[in-house]
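Please read the points below with the sequence and the structure open beside you.

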Amino acid sequence: MPMSRLSLIASLTLLLACGDDGSSGSGAATEGNDGSGTSTAGADSTGEPLPVPVGSIGELLIPFDTDTQDVEGPASWATQYGKSPEIIATAHGTTIDVLVQDYTAGPTGKAYLLRLEPLNFDYVITSVIEPPMLDRVMGLARDLNDNLYVASGAAEAEQITLQYPAPGEHRSGVVRVVKLSSDGEIQFDTDVDLAREATGEGPELVINPMVAATSRLAMGPGSVALLHGINTDPDGDGVRHQKALTTHFQSLTGEVTRTSSIWVSHSFDQRMFHDGTGFLEMHLGDAFPRDIAFARVDPDSGSYPLLSIKGATGANNTFTRLGDAAVIDNDPTYGYIALFSTEVTTGTEPLNPDQGTVAGSRDLGIVRVRRDFENTDGGSGAHIDPGLPHSFTVQSGDAQRTNRLRWLTSYQEDSGGLAHAERPKLVPLGNDTYVVLWEHWSTTSTFDGTWGMVIDASGGTLVEARKLNDAHMSRGDDAFGLNGEAAWLTGHNTTAPQLHLHVVDADLTYRMIIVD
């Protein structure tokens with residue numbers, strides 16, 4: 001059963017953590033804090049009561065530690081695939097709701113929904129819910145009525161065989177989507193594989209959620225959609241393949257309204273968002289198609305390539321990392337911008353035998369997509385802005401294809417193939433301004449910190465690239481907009497359990513706030 005915010009507040013000791021001088025334990029950890037600590041009484045400048053902390057991270061959970069548990073670099077085979085989420089955030093104004101996987105008793109089975117609110121120069125926990133869930137967090141969304149939607153899935157990789165589950169065997173407890181009110185009361189609890197079966201559409205099974213992939217939950221008017229990797233039924237050769245699966249739900253009742261979207265096999269990483277009209281998806285595919293694929297799935301547009309990827313059809317190494325896509329507000333023709341990183345070189349042979357996944361520097365690139373892309377022929381490339389300044393021709397499967405894009409970095413040229421952009425993230429700030437974030441690796445084994453730049457909707461540089469910090473970003477978690485700035489959360493537990501809130505503004509001024 002979920003613990004409501006009100007009952008948790010009543011049961012927890014308020015951890016004000018004051019020392020002999022009355023200062024807060026977290027006060028000195030925030031850049032710009034004057035060291036006087038955080039006030040827990042009084043009112044802000046608007047006359048509203050200040051938020052009251054109800055607990056600490058260390059009291060509640062042990063988070064995934066990004067700097068010790070997520071340090072894979074360009075040459076790692078694991079980074080070919082998306083990663084399951086760990087710390088999923090959604091912000092409204094200056095308030096952040098965050099779903100955090102708890103590692104206290106291991107990596108499965110428990111998570112907490114935390115509400116973080118600003119208090120002077122800090123952020124503090126003002127409410128906590130323990131949502132009903134399966135083994136692993138998969139997604140978090142919030143609607144305009146302050147309801148929260150939590151997706152979770154079973155960690156069942158070791159249970160899957162060629163015989164189990166049997167073809168057509170829908171099962172309970174594989175993926176779960178729960179809607180909670182602001183005080184933690186359950187509004188619906190959907191057992192997804194059985195709910196998909198109940199549509200009578202004969203949908204694909206939900207098998208091994210997030211395998212070789214990740215998961216995203218997105219909110220739209222009256223709808224919630226969940227996208228994640230799965231295994232398929234065995235083929236004629238007795239092989240379970242990998243792809244992605246989408247399920248749409250009616251947000252009031254949890255009823256399943258859609259059980260599929262575009263076909264991408266294999267789909268090794270996924271993103272999803274709602275643009276005010278419908279849900280859009282972006283996939284990293286290695287075979288059919290061997291592209292970064294983009295699609296409107298509500299209504300169904302079919303797949304449109306954003307980047308054709310070098311290499312043989314079905315080769316798991318795509319030499320590419322999926323970033324994000326976002327809306328362009330003020331351009332009547334081009335409605336979307338998409339970020340990725342990929343190798344600039346056309347060859348697929350490794351630079352040396354010890355780095356079999358790397359055949360050149362991985363540079364950041366963007367494309368711009370027509371607002372009405374679904375009305376164009378995807379094979380013609382007419383959906384991509386032809387005014388982008390760079391082209392890049394590759395042998396993709398059995399065809400030669402020319403990409404139109406704009407490179408944002410020049411690591412191949414500058415480093416001779418040594419440096420790489422990893423874990424690219426794109427955050428819209430409003431007014432067609434975007435923060436680009438990535439990890440810079442000066443070699444395949446040398447991490448050189450998280451970097452950022454600010455661009456406009458054409459990819460033009462507004463603030464030049466620079467290093468922001470020495471900490472890793474999580475591969476499986478998105479950065480997000482926070483009251484006109486860009487933010488991302490990481491977990492740390494080497495000394496004491498903490499969340500680190502990283503924030504940059506439109507000038508790329510960086511600050512880090514410790515939530516402990």
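**Notes on pockets, cavities and strands**

1. Among the 40 residues that line the largest pocket, Met-272, Phe-273, Asp-478, Ala-479 and Phe-480 lie nearest its centre. The model is a predicted one, in which local features need pLDDT of at least 70 and side-chain atom pairs count only at pLDDT 80 or more, while totals for chains, interfaces and linings use all residues. Residues are numbered from 1 along each chain as its sequence is written, and side-chain values use heavy atoms, with hydrogens and water left out.

2. A pocket, on a 1 Å grid over the protein atoms alone, is an open set of points with protein on both sides within 12 Å along at least five of seven lines, whereas a cavity is a set of points where a 1.4 Å probe fits but cannot get out; lining residues have an atom within 4 Å of a point. The largest pocket holds about 1100 Å³ of space, a volume being the space filled by probe spheres set on the grid points, which are joined across faces, edges and corners.

3. Which elements give two or more residues to the lining of the largest pocket? They are strand 1 (87-92), strand 5 (136-142), strand 9 (215-220), strand 13 (265-274), strand 17 (320-327), strand 22 (420-430) and strand 26 (480-482), and strand 1 supplies the largest share, six residues. Strands here are DSSP runs (E, at least two residues), numbered from the N terminus. By class, this lining has 23 nonpolar, nine polar and eight charged residues, where Ala, Val, Leu, Ile, Met, Phe, Trp, Tyr, Cys and Pro count as nonpolar, Asp, Glu, Lys and Arg as charged, and the others, Gly among them, as polar.

4. The second largest pocket has about 310 Å³ of space, and of the 17 residues that line it, Pro-305, Ser-380, Gly-381, Thr-402 and Asn-403 are the closest to its centre. Strand 16 (304-308) and strand 21 (399-407) each give at least two residues to this lining, which divides into five nonpolar, eight polar and four charged residues.

5. Two cavities of 30 Å³ or more are counted. The largest cavity, with a volume of about 180 Å³, is lined by 19 residues, of which Asp-269, Arg-321, Leu-322, Arg-423 and Arg-475 lie nearest its centre. Strand 13, strand 17 and strand 22 each give two or more residues to this lining, with the largest share, five residues, coming from strand 17. The classes in this lining are four nonpolar, five polar and 10 charged residues.

6. The second largest cavity holds about 70 Å³ of space, and its lining includes Ile-87, Ala-89, Asp-478, Ala-479 and Phe-480. Strand 1 and strand 27 (485-492) are the elements that give two or more residues to it, and strand 27 gives the most, with three residues.

Methods: Helix = DSSP H or I, 4+ residues; strand = E, 2+ residues; numbered from the N terminus.
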